[in-house]
Each structure stands twice: as structure tokens, then as C-alpha cells.
Amino acid sequence: MAEKQTETPQRSITEPPTGQVLLGPREGFIENIDTNVSLVTKRIKSKDLKWVKLTIGRYTQTQVMLGYIDSIADQTVVKTVLTRLKKINCDGIVDTSYISESLNPDHVGLYNAAASEEKPDVVASRLLEGRIVILVDGSPVALTIPHIFLENVQNSNDYYGGNAGVKLKRTIRLIGALIAILLPGFFLAVSLYHLSIIPLKTLTSIANATENDLFPPIVEMILVIILFEIIYEATLVMPKHLGSATSIIAVFVVGEVASTVGLLSAPTVLVVAISGITSYIMPNMIAQISILRFIFCLVGGFLGLYGLVAGFIVLLVYTASIDHYGAPYLAPFAPYIADDQKDALDKVPFPEMIKRPQSIPNHNPIRQRATEENHEH
Amino acid sequence: MNTKRHQNINLRQLCIGYFLYSTSIKVLTLPSALANGAGNWAWLSAILGVIFELVMVAVASLILKFTNNQNHFFRVLCWLVVPVLIFETVLTAIQVFHLAYTDLFTNLGITVFVITLVGLGLFFLTRQPRAMFRAGEILWLFFALGLILAIIPTLYNIQVDWHDLVRGNGARIFTTTVLNLGFFETATFVLAFGSETRKTNRDLVRINLTALLCGIGYIAFMILFVLLFGTLSREQNMGLVDLTTATQFITSSGSLDWLIATSILAALVLRFGTQLVAIVTLIKRGLNQHD
């Protein structure tokens, strides 16, 4: 009787809004930690899968579970993460994001040290690569550590839909992210400083479209980007039916009317729209892409191509310097790890992935025994 | 356990990086500069540069191996090489200025340019060598792409004449001495990125062999370069350099020439950063603070 009274209501397991697949498992984590642990253990039944239970938060007394495969995960990383978790001394933890921020060695850094994931099948595959998972009671999002940039390029559909076209899709995702970050800045740089590189026909069209502009190009670009971010934020928090209404207003008022009356130029709206759409190609990096888009917009607007080149190198050197929990953030591209290229931009068939990715620290490099058939490949 | 396996730059990565760095950056920037100074004798000028470079790499290897508390000679040597590196860094900054200010960026005031370059320098100085190395690994691929884009449009009209290799005034190669000092500085690469792990004698031999092979490869490229552009330059009555510099590429709008120019600019900025990192490494070794 007493047990029945303390039982907390929980929602059923559904497909999460992120990471949807055409083919493949559709289960997602829910807000109950026991269910989430069982969703992972259902996929990894080995006794080597260890769970460490922690209670964090003076008032919330939130249950946190740290999971890893003992015979694969690097013990140094496990100890470091555990130490960091034990050091958290706060009022309460209500979501994994609180933990994520505490685990970031570089507190003011641009990139997260842990990846967020809502699907148990993806978490299971990451555990098998030597990562550590953190589950928090009350949160449907799991954290996996270490996190590298490549995870943003990979997608569940790449693994469940066959190998055809994976390389192309991943390359497109990478190009999409670069377009999202650099396009507005590049457009400003070219239209303000380097008109000679635009073909004459295009230049005439742009000149005609921008001749009655109310604002200077850089101000106009910043305004449109801010407007875009406002619409994005509004759509995110609104009820679904209101969200679609907002989108219609955004499309007709901002896109059509504003450019017709000369408040905003059509090329600027087009550039921001392309950049905005492409930024969703990496859902876990939307915030970072938005910040970088702003920065490159200012750099391109004030310093032209020279500024863009210098800014890009600064970004690359900064990103390359990130080394959270023994995993270089840009691995396996920089440092270049030949073996890991089998599941980087390209993806070879699973039987050929003999070794675990070396980008992620682990102490058991062999993923599967090589058969004669594998050797023939 | 491989926690730190890919954190430090190992010998294999260093040698591959050296090859990419020396070929991509030098191939993007140096041929036109040498051709400007020495004309068709640019290939001979490149040989002098390679000899200079091999000596520098040998010195860099010895510095990596022998700078310690007991050995004052190599610590003094560190301080002697520092001015050479500063000179090379200034040369790179001038090249960045020349490309960015005159060709790409005519609307920018020199004060703004200097401020941004100093800002860049300060940023690079705060980074660890491995960060510069990793960024380079990605960018060198772009440089290679830029190089291919630069060469392909000229190939359709190629007429090779071996006599081009000996046409012109051989004495002009001496005018390229300063250029060679400034450009053949891949020894700085060894100094900047070779410090992360202790080097055995075998490692040092391999580094020097890589330098030798890269040098031979570069001389071969310079010979090819003169053969490719020599006839074309005579027929069009243009200097060898006019056919190859970024200025020429940029002025023919409507193509991807700006991409080539941007690649060269990026290569120069990255080299600027590498040289600064090498200077810091040398000073640390001179002060015996490298461990």
C-alpha cells in the first residue's frame, strides 16, 4: 500500500524528437533513471558493464548513474569523470545539462565536453567504443564522454540504412556547417571589399536589389540574423500550432514585404535563410554555429576576406587545441588517425571495422576478431 | 591504454607533417618569388635554398637532442638561432601584408592590419605547438587543393623546352639569397613541433632524411615549374612571375582565382603562427625550461 503511494508517474517510452531514423530502433530515454538504465542494459548484457551510483544535490538528492564497460573504457578517464562528479557541490541537479557544464574542464569554452543523446541504442554503441555514459534521474538525455566533433557529423541513419552514400551525406553535413558559419560573413566581405570576384551578371543583380537599402550592409546583415534568431527562439517555446503561424508571418512579412518596401534587401534575407537552414544540419551544435555566424559576420564585414581567413585559422587552432578527457576534439582528422578513417567521413562495412576508434581512449583496441573474409577485404 | 597516444606529436606524424608543410606552403608561395629574383635559374636558386635548409634542420635536430643543463653550447646556439627566426617571421608578416594589403584588401588601413596581425600573433603565442600542428594538418589539404587549382588552368597550353632551364643570367640567383633565408625555414617546423617527445638518434636521422627527400622533391618541382611556365612566359612576353603570382590570378575575375589567393594568405598566416611557436620553443630551450 505504502509502495503504491510513493510510485511516481512516468511517461511511456517513445521515439525522441531528435535522432529520428527511417530504419532502426525508435526507443528513447524517459525521465525515469531506472528505466533508462534498463534500456541500456537490455542492449549490453555483459557483466563488464559497470554502473556507479551517485547522489548529487543538497536539496534535490538527485540520483546519477555513471556507466562504462570495464574491459573497454580507459580507467584514467573513468576516474577523472568520477572525481569531477564527486566534486559537484550544489543545491540541486534537475537535468543532465547541469552535469555537462560541471564536466567541462574549459568553463568558458565554446564546445561541450560531453555529448547529449536521447537514444539508448546510440549510447550502447558509444559505450562499446570506450566512452562513459552519465544518466540523471528526471532527465531523458544521457551524456557520453569523451565527446569529439566527428559525432556531430555522424548520424544514426548512417548505420541503419546501409553504406551507400554515407560518405556523401557526411561530407554534405560538414559543408553545411561551414556554410552556416561562413556564408553571411563571406557575402559581406565580397559585397563590401572584393566586388571583382563576383561575375558581372550576378553583381548587377545584387546592385539592383540593394540600391535602395535603408541600412548599411553590415547593419542589415546583423539585423536579419537577430531577427532570424528571435523567430527561432519564439518558434521553439511556442505551442506547435502557434509556431507554424509564426513561421508563416516570418516568411511573408520578413521575407517578402520587408524586401519589397526596401527595408531589407533580398540577397541578405536569402543568405541568412540559407545559413539558417544549414545550421540545423548539426542539431547538437546550433548554439555554437549561431555564435560563430555572428563573429564571422563582424569579421567579414570589417576586415573582408583577410579577416575571414585569419578568423578561420584562429577558430581552427582553438578547436584543435581542445583535448577533453584524452580525446582530441578534431580527431581523427587532426591529429590524423588512419585507422579511424574507416568511420569518419567515409564508412566501411562493419566487418571491416576490426579496431575500436583510437580517437576515444580505451584499453581494448580490438572490436572484433578478424576473419579470413575480413582479411580478403 | 592509449589515453595519451594521440595527444603528443609522434615521429611519424612529424615526418608526414614536415613533408606536407614543406611541399604545400613552399609550393604555394616560393616558386613565383624565386622566379621573380632568378628568372629561369630559379631551380638552381632552389638548390641553394635546400642546402641552407638541410643545415638548419640538422642544427634544429641537434638543439632538440642536446639542450640540457650540462650542455651550455646548445643553449647558446638556441639564442643564436632566435634572431634568424625573428627575421623569418618578419619576412612572413611582410608577405602577409603584401598579399592582403595590396591585392586582396585595398580598403583596409595599415593600422588596422598591423593591429590584427599583432592580435593574431598574441593568440598563436598562447597556443600549444600541437594545436598549431593539428590545424595545419587540415589546412595543408586546402593548400594542396589551391595548388591544383592554380596549376590546372595552365596545363592546356604547355610547351616544354629544356633550354628554358639554362636561359637567362645565372648571376641573378645571388639576388635570391635573402628570399631563400626567409622561405626555406622548415627547420622551424622541426623546432616548433619536434619538442613534444624525447628524440632518439634514430628519430633525428629520420627527420633529417625526411628533410633531404623533401628538398630533392622540391628541386624537382622547381625544374618542372620552370619547364611549365618558361615557354609560356617567353611567348606572352611576361616575366615568369607574372604568370604565377596571386596578383595575376586575382585580376582575372569570374574564376576561382580568389580561392587560390585566399589559400596562399591562409598558408602565410599559419606559417607566421608556426614561426612564433618555434621562437617560443627556442627561448624556452635557451632558458632550459623545456621539460
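## Residue B:Ile219

B:Ile219 counts as partly exposed because it has 16 C-beta neighbours inside 10 Å; a residue is buried if 20 or more other C-beta atoms lie within 10 Å of its own, exposed if 12 or fewer, and partly exposed in between, with C-beta atoms placed from the backbone. The model is predicted: local features need pLDDT of at least 70, side-chain atom pairs count only at pLDDT 80 or more, and totals for chains, interfaces and linings use all residues. Residues are numbered from 1 along each chain as its sequence is written, while chains are lettered from A and ligands numbered from 1 in the order in which they are written.

B:Ile219 is part of helix 8 (residues 201-235) of chain B; helices (H or I, at least four residues) and strands (E, at least two) are DSSP runs, numbered from the N terminus. Leaving aside neighbours within four places in sequence, B:Ile219 is in contact (C-beta atoms, placed from the backbone, within 7 Å) with B:Trp43, B:Ala46, B:Ile47 and B:Val50. From B:Leu44, B:Ile219 is 175 residues away in sequence, with 8.1 Å between the C-alpha atoms.

## Helix 5 of chain A

Helix 5 (residues 120-127) of chain A is largely enclosed by the rest of the structure, because seven of its eight residues are buried. Among them are A:Asp121 and A:Arg126. The cover over the buried residues includes helix 2 (33-41), strand 2 (62-69) and helix 7 (156-160) of chain A.

## Contact between the chains

Chain A and chain B each give 34 residues to the contact. On the side of chain A, helix 13 supplies the largest share, 11 residues.

Terms used: Contact = placed C-beta atoms within 7 Å.
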